[in-house]
Amino acid sequence: MQTQVTTNKKTEIKKSKKVMSLDKKEGLQGYLFIAPWIFGFLTLIAGPMLFSLYASFTNYDITSRMDFVGLKNYVRMFTNDDLFWTALGNTLYYVSISVPLTTVGAVLLAVLLNQGVPGMRMYRTIFYLPAVLSGVGVYLLWMQLLSPSSGLVNTVLSWVGITGPAWLFDPAWTKPALIFMKLWSLGGGMLLYLASLQGVSKSLYEAAEIDGANAYKRFRHITLPMITPVIFFDLVTSLIGGFQIFQEAYVMSESGDGGPANSLVFYNLHMWNKAFEVFDMGYSMAMSWVLFIVILVITVINLKLAPRWVHYEGEDRK
């Protein structure tokens, strides 16, 4: 009897070892599959981030100098660089206006393009096409459209008796001009919301109509709650992208310096000029880490506030 028990234990041990070896083999195979991503992450993301963190505490000039200076870059940033506060203020102005406008505009546009009328596919394509276009060519085109004397925008305004502003030549209108240009490319966000709207069950609208809900109430109590996950995603990504605005100001301002009157000196443009115009790379990297912290804090706040207004289908809220 004791011999049989011993034999059973040995058999169980062998089976457990075999299962463990299979688990290890599968785990090793999994690591091999993700090895390219791990290598890319370490060499292209984590490595450069750690290097930039160290360099932010030095007077690194890209070529030869890299002496440790402690917190001097950060102290200089907040106390001796007036253009830093100008750049931060311009960026906050742009983000606080462009992100709400583009989000609301994309939602309303998606609702309009979700109607079952003839030719809707053509309209959807027309509104989405600007989102496909990007780069320097688009910015040069908008510089022509916003020309004070011969631009199409001011020409159309003159048809209704409005004298258009100088746009990119007037410090009071440079940032509104970029925000206006941003509204032109609502198609990307519109497509996300349109896909989300088409996933809303029609039975919900039918039940609301039976209960006597009008179009506004159906939109307020059915449409908006059901697409809040997409709104949340678009809001977070738009905020991150808004804080990283650079190309528009670099191409559309005078000599890429953020003029006139520093009205287009956004945070990333100021950081770029510090890094590649005067080769103060250590200071520029310190700026990048401040921007990273700002974006991280805003993203965490959004994540904390999300449960109060984001509704997920099938979620059980207590």
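Phenylalanine 279 is partly exposed, with a relative accessible area of 44%; partly exposed lies between buried (under 20%) and exposed (over 50%), using a 1.4 Å probe and protein chains only. The model is predicted, so local features need pLDDT of at least 70 and side-chain atom pairs count only at pLDDT 80 or more, while totals for chains, interfaces and linings use all residues. Residues are numbered from 1 along each chain as its sequence is written, and side-chain values use heavy atoms, leaving out hydrogens and water.

**Backbone features in loops**

- Phenylalanine 279 is not a glycine, yet its phi is positive, at about 55 degrees.
- This phenylalanine 279 sits in the loop between H12 and helix H13 (281-309); helices (H or I, at least four residues) are DSSP runs numbered from the N terminus.
- Isoleucine 62, also a residue other than glycine, has a positive phi near 80 degrees.
- The loop between helix H1 (2-55) and helix H2 (72-79) holds isoleucine 62, which is partly exposed at a relative accessible area of 31%.
- A cis peptide bond joins glycine 259 to proline 260, with omega near 5 degrees.
- Proline 260 belongs to the loop between helix H11 (247-252) and helix H12 (267-276).

**Salt bridge**

- The count is one salt bridge, defined as a side-chain nitrogen of Lys or Arg within 4 Å of a carboxyl oxygen of Asp or Glu.
- Aspartate 280 pairs with arginine 76 in a salt bridge whose closest N and O atoms are 2.8 Å apart.
- The pair links distant parts of the chain, 204 residues apart: aspartate 280 in the loop between H12 and H13, and arginine 76 in helix H2.
- Aspartate 280 counts as buried at 15% relative accessibility, whereas arginine 76 counts as partly exposed at 27%.

Note on methods. Helix = DSSP H or I, 4+ residues; strand = E, 2+ residues; numbered from the N terminus.
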